[in-house]
Amino acid sequence: MKRVLLLANGPGELWCWARPMIPALGERGFDVSLRLLPCQYASGNEKDIAGGMVKGGVDPPMSVFAALAGKKGIGYDAILQLGGDLLFGLAFSARNRAPLFCYTYGPKPLLNRCDEVFSAFEGTCQFGGAVRDKLLIVGDLVADALAMDGNGFRWTPGGGPRIVLFPGSRRVIRSAALPFIRDLAGRIRERLPRSETVVALSPFSEPGEEEKWRSLGLRAVASPTGSILKGADLAVTQPGTNTLELAYSLVPGIVAVPFAFLRQVPLPGLLGLLGSLPVAGPALKERILRGRSGERGFLAWPNRIAGREILPEMVGDISAVEVADRAVALLGDEDGLRGIRTGLEGIPRSPGAAGRIAARISGLVG
């Protein structure tokens with residue numbers, strides 16, 4: 001039996017990319033292993049969740065030095081990297097003399113060193129010539145993951161507008177956002193008494209966290225996102241994978257980035273180190289992010305793919321009341337909702353990316 005190693009880093013890559021890839025590779029006869037990589041967006045619960053996806057358990061995220069200096073250990077016939085620094089993939093590829101495959105939404109350093117590159121959307125990002133020769137557009141793994149979510153959630157029959165609030169996958173941001181979301185939900189309930197609002201907790205949330213939200217009068221659930229979005233009329237979310245889940249579910253949404261939480265936003269590399277400095281670090285991080293806000297471009301993935309605003313983005317010193325009022329106004333604007341859904345319908349959606357990737361790897365090494 002051929003062995004393939006998956007390398008994944010953050011919550012989105014693990015839940016929405018690795019989760020559908022593991023069974024797809026298994027169906028092709030591969031024995032699949034999974035290793036975690038460091039990620040500034042990590043929730044802290046990746047090890048436990050990853051351990052339930054593959055046999056034999058999963059180690060905590062490793063450092064690049066450990067990967068480069070590690071012993072050969074179990075041999076692999078292929079390496080598939082799903083997010084993170086490609087130094088890790090290259091280290092495992094060299095140690096096992098195995099081809100390195102990468103799935104990515106856009107260019108990244110060392111991509112030209114991969115044997116083959118898989119991506120979701122044609123024309124979204126400009127890959128260099130050396131990479132384009134190795135590039136295959138296979139579709140979005142997020143669509144495959146969404147199809148795995150099933151029907152674990154039920155809305156109350158006969159109610160008013162149904163609104164989903166996403167507080168994010170990182171514990172520190174969820175904790176900071178809790179009062180904001182409480183006020184947001186309260187304002188919506190005040191203006192739309194018959195509405196039903198649900199806080200959709202991440203699969204990476206803490207055990208028992210639902211009760212913490214419920215103690216503030218909020219209905220919080222940890223049901224699969226796909227099942228929550230079925231029947232939803234509107235969502236309020238942060239930038240990230242959730243925006244693609246909205247697109248594939250054809251659910252209009254508002255992408256909100258209140259500057260009140262800039263100090264909790266993780267940053268990569270040197271900026272991340274500066275932001276972690278005691279006392280002055282968080283203030284420095286906020287100042288940097290505020291200064292860069294004018295250069296940000298679109299934040300929601302559907303907007304980035306389309307090159308125009310489909311999902312409304314609210315960024316800046318915005319309050320919970322302002323976001324709630326925007327949501328209420330949008331719910332009362334049938335033409336606006338219809339326009340968003342039409343825009344989301346234009347986002348490429350080709351389920352089966354995991355199967356296409358697995359078939360390609362099998363054809364080359366199987």
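This is a predicted model: local features need pLDDT of at least 70, side-chain atom pairs count only at pLDDT 80 or more; totals for chains, interfaces and linings use all residues.
Modeller: Two strands pair if DSSP finds at least two bridges between them.

Colleague: How many helices and strands does the protein chain have?

Modeller: There are 16 helices and 12 strands. Those are DSSP runs numbered from the N terminus: H or I over at least four residues for helices, E over at least two for strands.

Colleague: Back to β9: what makes β9 and β12 edge strands?

Modeller: The open sheet runs β9-β8-β7-β10-β11-β12, with parallel pairing across its 6 strands. β9 (220–221) and β12 (313–316) each pair on one side only. On that sheet packs α7, which touches β7 (162–165), β8, β10 and β11 (253–258) and makes about 170° with the direction of β7. α14 packs there too, touching β7, β10, β11 and β12, at about 170° to β11. Angles are taken between N-to-C directions, from 0 to 180 degrees, with axes fitted to C-alpha atoms, for helices over the stretch in contact.

Colleague: Why are α7 and α14 called oblique to each other?

Modeller: Helix α7 (residues 171–191) and helix α14 (residues 320–331) have an angle of about 40° and axes 8 Å apart. Under 35 degrees is roughly parallel, over 145 roughly antiparallel, 65 to 115 roughly perpendicular, and the rest oblique. The value falls in the rest, and α7 and α14 are therefore oblique. The crossing is right-handed, meaning that the near helix is turned clockwise from the far one by less than a right angle.

The contact involves Phe180, Asp183, Leu184, Arg187, Ile188 and Arg191 of α7, plus Ala320, Val321, Val323, Ala324, Asp325, Ala327 and Val328 of α14. Contact here means heavy atoms within 4.5 Å. By class that gives 9 nonpolar, no polar and 4 charged residues. Nonpolar covers Ala, Val, Leu, Ile, Met, Phe, Trp, Tyr, Cys and Pro, charged covers Asp, Glu, Lys and Arg, and the others, Gly among them, are polar.

Colleague: How do you know that Val236 counts as buried?

Modeller: Buried means under 20% relative accessible area (exposed is over 50%, partly exposed in between, with a 1.4 Å probe and protein chains only). Val236 comes in at 7%, so it counts as buried. Val236 lies in strand β10 (residues 234–237). Beyond four places in sequence, the contacts of Val236 include Leu165, Leu184, Ile254 and Val323. The C-alpha atoms of Val236 and Leu165 are separated by 5.0 Å, though the two are 71 residues apart along the chain.

Colleague: And what makes Ser362 buried?

Modeller: Its relative accessible area is 17%, which is under the 20% limit. Ser362 lies in helix α16 and, leaving aside neighbours within four places, is in contact with Arg28 and Phe30. Over the chain, 51% of the 366 residues count as buried.

Colleague: Where does α16 lie?

Modeller: Helix α16 (residues 353–365) lies across β3, β4, β5 (116–119) and β6, at about 170° to β5. Those strands belong to another open sheet of 6, ordered β2-β1-β3-β4-β5-β6 with parallel pairing. β2 (31–36) and β6 (135–137) have a single partner strand each, so one side of each lacks a neighbour in the sheet.

Colleague: How do you know that β3 and β4 pair?

Modeller: Strand β3 (residues 78–82) and strand β4 (residues 100–103) share 4 bridges, in the parallel sense. Gln81, for instance, has Cys102 of β4 as its bridge partner.

Colleague: Last one: why are α1 and α16 oblique?

Modeller: Their angle is about 45°, with axes 9 Å apart, so α1 and α16 are oblique too. The crossing is right-handed. Pro20, Met21, Ala24 and Leu25 in α1 meet Ala354, Gly355, Ile357, Ala358 and Ile361 in α16. That makes 8 nonpolar, 1 polar and no charged residues.

Notes:
Residues are numbered from 1 along each chain as its sequence is written. Side-chain values use heavy atoms; hydrogens and water are left out.
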